[in-house]
Structure formats: C-alpha cells, structure tokens
Amino acid sequence: MNDNFQMVKNYLTDLNYEISFENKEEGIMVIQKESNGVRNLILGVATPILILEQFIFKINNQSEMIFKSLLQKNRDIIHGAFVLEETGEKVIFRDTLQLENLDLNELEASLNSLGLLLSEYADKIIEFSKY
C-alpha cells in the first residue's frame, strides 16, 4: 500500500494539487485545487483501488426531482458519479480507479471530470442545496 500511496501522492504533486492532509498508515489524503473547484477531496488508497470522494451538498428536503436530476446528470459525467452517503443526507461525487495500472493521465482525467462537473452543474448544485 505504501508504494501505491507514494505513487498517488507523486501524481497529485505533478498535477499541482495541494495536499492539505495525509495519513500514510490509513492511506488517506485530502487535496485542494481551488482553480478546479476541488476542495477537501478525500482520496483513499485501499489497494487494489483508489477511492475519490468529494462532498457536494447536503439534502435538506428529500425530493424526487432532485434525485431524478442527479441520476440523469450521472449519465453525462465522464468519470465517477453522484452518490448518496449512508444516511442519505449528503450528495458526494465518488470515483474508483484501479491502482495496479493507474497512471498520471487516468488520475488527471478523473480529477478533471470532477472539475468539469462542478463548473457546468454549479447552478443546479446551488439550487438543490437551498431546496
């Protein structure tokens, strides 16, 4: 796991992401890149996969319209998807990547997918968070 952790950390550094927290023993990193809209993105190195999770918004009032819209938007997301965390109160972006063949381009594509999602869907996210 430590080799995978260091590999991911090196890729993040190469991509100019700020690592604001890391725990090598637990395989956890938290990264930022405000220019891409990425803030407190959690990465979990859980060999054989890398898990990426970004909190998007809290659901104040569960609505079929919100859930339907999120599921429809999942179809447009290049990498990853909107998911509900266990309690069903928070929407997060989640992606998983295989560590065995992970390269810089693949990680960058996943991170760019999140950045693109946040930029093009920002108005809806704000609307849903106020609903």
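**Reasoning through the strands, helices and rings**

Guide: Leu43 stands opposite Leu52 in S4. The model under discussion is a predicted one.

Visitor: What makes S3 and S4 a pair of strands, and in which sense do they run?

Guide: Two strands count as paired when at least two bridges lie between them. Strand S3 (residues 38-46) and strand S4 (residues 49-58) are joined by five bridges and run antiparallel. A hairpin of two residues leads from S3 to S4.

Visitor: Where is Pro48, and what kind of peptide bond joins Thr47 to Pro48?

Guide: Pro48 is placed in the loop between S3 and S4. The bond between Thr47 and Pro48 is cis, with omega at about 20 degrees.

Visitor: With which other strand does S4 pair, and over how many bridges?

Guide: S4 also pairs with strand S6 (residues 90-98), in the antiparallel sense and over nine bridges. In this pairing, Ile49 stands opposite Gln98 in S6.

Visitor: How do you know that S1 and S2 pair?

Guide: The bridges again decide the matter. Strand S1 (residues 18-23) and strand S2 (residues 28-33) share five bridges in the antiparallel sense, and at least two are required, so they pair. Glu18 stands opposite Gln32 in S2. The hairpin has four residues between the strands, and Gly27 there takes a positive phi near 75 degrees.

Visitor: Which residues other than glycine have a positive phi?

Guide: Asn16 is one of them, with phi near 65 degrees. Asn40 is another, at about 60 degrees. Asn16 belongs to the loop between helix H1 (2-14) and S1, whereas Asn40 lies in strand S3.

Visitor: Are Asn16 and Asn40 buried, exposed or partly exposed, and why?

Guide: Asn16 has a relative accessibility of 60% and so counts as exposed, the threshold being over 50%. Asn40 has a relative accessible area of 42%, and is therefore partly exposed, since that term covers values between 20% and 50%.

Visitor: Why is Arg39 called exposed?

Guide: The relative accessible area of Arg39 is 51%. Exposed means over 50%, so the term applies. Arg39 is found in strand S3. Apart from neighbours within four places in sequence, Arg39 is in contact with Ile31, Gln32, Glu34 and Gln54. The C-alpha atoms of Arg39 and Glu18 are 9.7 Å apart, and these residues are separated by 21 residues in sequence.

Visitor: Why is Val83 called partly exposed?

Guide: Its relative accessible area is 28%, a value between the limits of 20% and 50%, so Val83 is neither buried nor exposed. Val83 is placed in strand S5 (residues 81-84). Not counting residues up to four places away in sequence, Val83 touches Lys90, Val91, Ile92 and Arg94.

Visitor: How do you know that the span of helix H3 agrees with expectation?

Guide: H3 (residues 104-120) has 17 residues, which at 1.5 Å a residue should span 24 Å; the end C-alpha atoms are 24 Å apart, so the two values agree. At the start of H3, a side-chain oxygen of Asp103 comes to within 3.3 Å of the backbone nitrogen of Asn105. The buried residues of H3 include Leu107, Leu111, Leu114 and Leu118. Residues three or four places apart in an α-helix point the same way, because there are 3.6 residues a turn.

Visitor: How many aromatic pairs are there, with ring centres within 6.5 Å as the rule?

Guide: The count comes to three.

Visitor: Why is the pair of Phe57 and Phe128 called tilted?

Guide: The ring centres are 6.1 Å apart and the planes stand at 40 degrees, so the pair is tilted; stacked would need under 30 degrees and edge-to-face over 60. Phe57 lies in strand S4 and Phe128 in helix H4 (residues 122-130), so the pair ties together parts 71 residues apart in sequence.

Visitor: What makes the pair of Tyr121 and Phe128 edge-to-face?

Guide: The angle between the planes is 70 degrees, with 6.4 Å from centre to centre. An angle over 60 degrees counts as edge-to-face, so the term holds. Tyr121 and Phe128 are both buried, and Phe57 is buried as well. Ring pairs link Phe57, Phe82, Tyr121 and Phe128 into a cluster.

Visitor: Which charged end sits over the ring of Tyr17?

Guide: That of Lys33, at 4.8 Å from the ring centre.

Note on methods: Residues numbered from 1 in each chain as written. Predicted model: local features only at pLDDT ≥ 70, side-chain atom pairs only at ≥ 80, totals over all residues. Heavy atoms only, no water. Buried < 20%, exposed > 50% of the residue type's maximum accessible area, 1.4 Å probe, protein only. Contact = heavy atoms within 4.5 Å. Expected span 1.5 Å × (residues − 1). Polar contact = N/O pair within 3.5 Å; in protein donor to acceptor, adjacent residues only side chain to side chain. Phe/Tyr/Trp six-rings, centres within 6.5 Å; stacked < 30°, edge-to-face > 60°. Lys NZ or Arg CZ within 6 Å of the ring centre and 35° of its normal.
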